[in-house]
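Thank you for making time for this at group meeting. I would like to walk you through one model, going from the whole chain down to single residues.

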Amino acid sequence: MDKYKKTIYACFIGYIVQAIVVNFAPLLFLTFQDSYGIPLSQITLLVTVNFGLQLLVDLLSVGFVDRIGYRVSMVIAHIFAALGLVSMAVLPDRFSDPFYGLLTAVLLYAAGGGLLEVLVSPVVEACPAEHKEQTMSLLHSFYCWGQVGVVLVSTVFFQIFGIGQWKMLAVLWAMVPLLNAFLFARVPMASLLQEGERGLSIKELAGMKIFWVFMLLMMCAGASEQSVSQWASTLAEKGLGVGKTVGDLAGPLAFAVCMGCARAFYGKYGEKMDLDKFMAGSSLLCVASYLCISLVPGAVFGLAGCAVCGLAVGIMWPGTISKAAGILPKGSTALFAMMALAGDLGCSAGPTVVGMVSGAWGEDLKKGILAAALFPLILFLGIRRCRKCAD
């Protein structure tokens, strides 16, 4: 285990990179609108493209990750993430329509983020460790701490230097994936399968009923998480009427802290809990938080709903991956890639539903959040179905 500590630490940083890729741009949505005149419909498209391309990369990765190896794939993923963040600062001013510059940047860092989503979990799963469900939950908590860092550091930066210097911050954030690429070029890597073993193919997985239940769970986990996370900053400023600094701290930051605490809590005490019951209870709490955000008047209750939502969604993604890896131990790269694909499909669908419904109701984000409450409800029903299929 000591041999692979640096590998696990690099994976922790890998999820921090994923948090930067997913959460930095949403802090600037209103800035993009004001500076470049980009409407909400095109902002929504940036979110959709981000997770949509990650979804495509998840699917394509099955064909090349095992061929070129996890190490090379990890380095490539981090380089793409760094290029995308730098491009966000440079390309909008190079295009006649700034939207296409932002779109190009999103395509670059989404490719890196998609690869990371496929690679990080199986690399940690392959490392020798006791209580892998807890290790997986702890790993995914670093996505949350990364999100906390992105929001907190960005907020402090904007307070000191002004929102107009966001391009400088984008370049600074790009240093994180660049440095982690060097780490992954050196750390030891373990294999998911024993020598001579063959992992299940996508075709073999597709023939199993339980696999499709896990796909549904992952899709709803991603949608439940990102429906609020992606719009929390904009919701706080536009829908709840608070300032940007307060909105970012009480919206996405509180969401991320609570999500990280839920994952760290399960990482420490998970062996004493029933994962199915924990996930089911979290799903119902998530539905309640969506209803609080969308139906209860007052900024305080809306921001409290964002925080509770973070607490509720914490276990959904890592819990589903752990369940899938435990029930389908020979799933290998194909399983993790398809889980990431389903999760990213949900990450795209959730914020897109919020944006589309909001646009149809006069850009009322509360209406969009209310519509997205369907996702954690489906997740609750899927967990019950999963237990029956496993039995």
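This is a predicted model: local features need pLDDT of at least 70, side-chain atom pairs count only at pLDDT 80 or more; totals for chains, interfaces and linings use all residues.

Residues are numbered from 1 along each chain as its sequence is written, and side-chain values use heavy atoms, with hydrogens and water left out.

Let me begin with the overall form. The secondary structure comes to 17 helices and zero strands, where helices (H or I, at least four residues) and strands (E, at least two) are DSSP runs numbered from the N terminus. Taken along the principal axes, the C-alpha atoms fill a box of roughly 55 × 40 × 35 Å. For 391 residues a compact globule would have a radius of gyration near 21 Å, and the protein, at 20 Å, agrees with that; the radius is taken over C-alpha atoms, and the globule rule is 2.2 Å times the number of residues to the power 0.38.

Buried residues make up 58% of the 391, with buried meaning under 20% relative accessible area, exposed over 50%, and partly exposed in between (1.4 Å probe, protein chains only). The protein exposes about 15,300 Å², of which carbon and sulfur atoms supply 66%; these areas come from the Shrake-Rupley method with a 1.4 Å probe, and for residues only the protein chains shown count as cover. As for contacts, which require heavy atoms within 4.5 Å, residues 24 or more positions apart account for 84% of those with a separation of 6 or more.

Which residues touch the most other members of the largest nonpolar core? In that set of 123 residues they are F24, F32 and M88, a nonpolar core being a set of buried Ala, Val, Leu, Ile, Met, Phe, Trp, Tyr and Cys residues joined through side-chain atoms within 4.5 Å. Helix α5, residues 98-126, gives the most to this core, with 14 residues. If we set aside residues up to four places away in sequence, F24 touches A19, L85, M88, V150, S154, W166, L169, A170 and W173.

Let me turn to individual helices, and to α1 (residues 5-23), where T7 has its place. T7 is buried, with a relative accessible area of 0%, and, leaving aside its neighbours within four places in sequence, T7 is in contact with V123, C127, V187, P188 and M189.

V57 counts as buried at 13% relative accessibility, and N50 is buried at 3%. Not counting residues up to four places away in sequence, V57 touches A111, G114 and L115, whereas N50, with neighbours within four places left aside, is in contact with V21, V22, V106, Y109 and A110. The C-alpha atoms of V57 and V118, 61 residues apart along the chain, are separated by 8.7 Å.

In helix α11, residues 244-269, we find A250, which counts as partly exposed at 24% relative accessibility. G267 also lies in α11 and, residues up to four places away in sequence not being counted, touches Q134, S137 and L138. G267 and M136 are 131 residues apart in sequence and 7.4 Å apart in space, C-alpha to C-alpha.

In helix α16, residues 365-372, the buried residues are L365, K366, G368, I369 and A372. Seen down the axis of α16, they fall within an arc of 160°, so they line one face of the helix; that arc is the one of the directions from the helix axis to the C-beta atoms.

I will close with the cysteines. How many disulfides does the rule give? The count comes to zero, a disulfide here being a pair of cysteine sulfur atoms within 2.5 Å. The sulfur of C309 is 4.2 Å from the closest cysteine sulfur, in C286, which is too far for a bond, and C309 is buried, with a relative accessible area of 0%. C261, by contrast, is partly exposed at 39%, and its sulfur is 6.3 Å from the closest cysteine sulfur, in C258, again too far for a bond.
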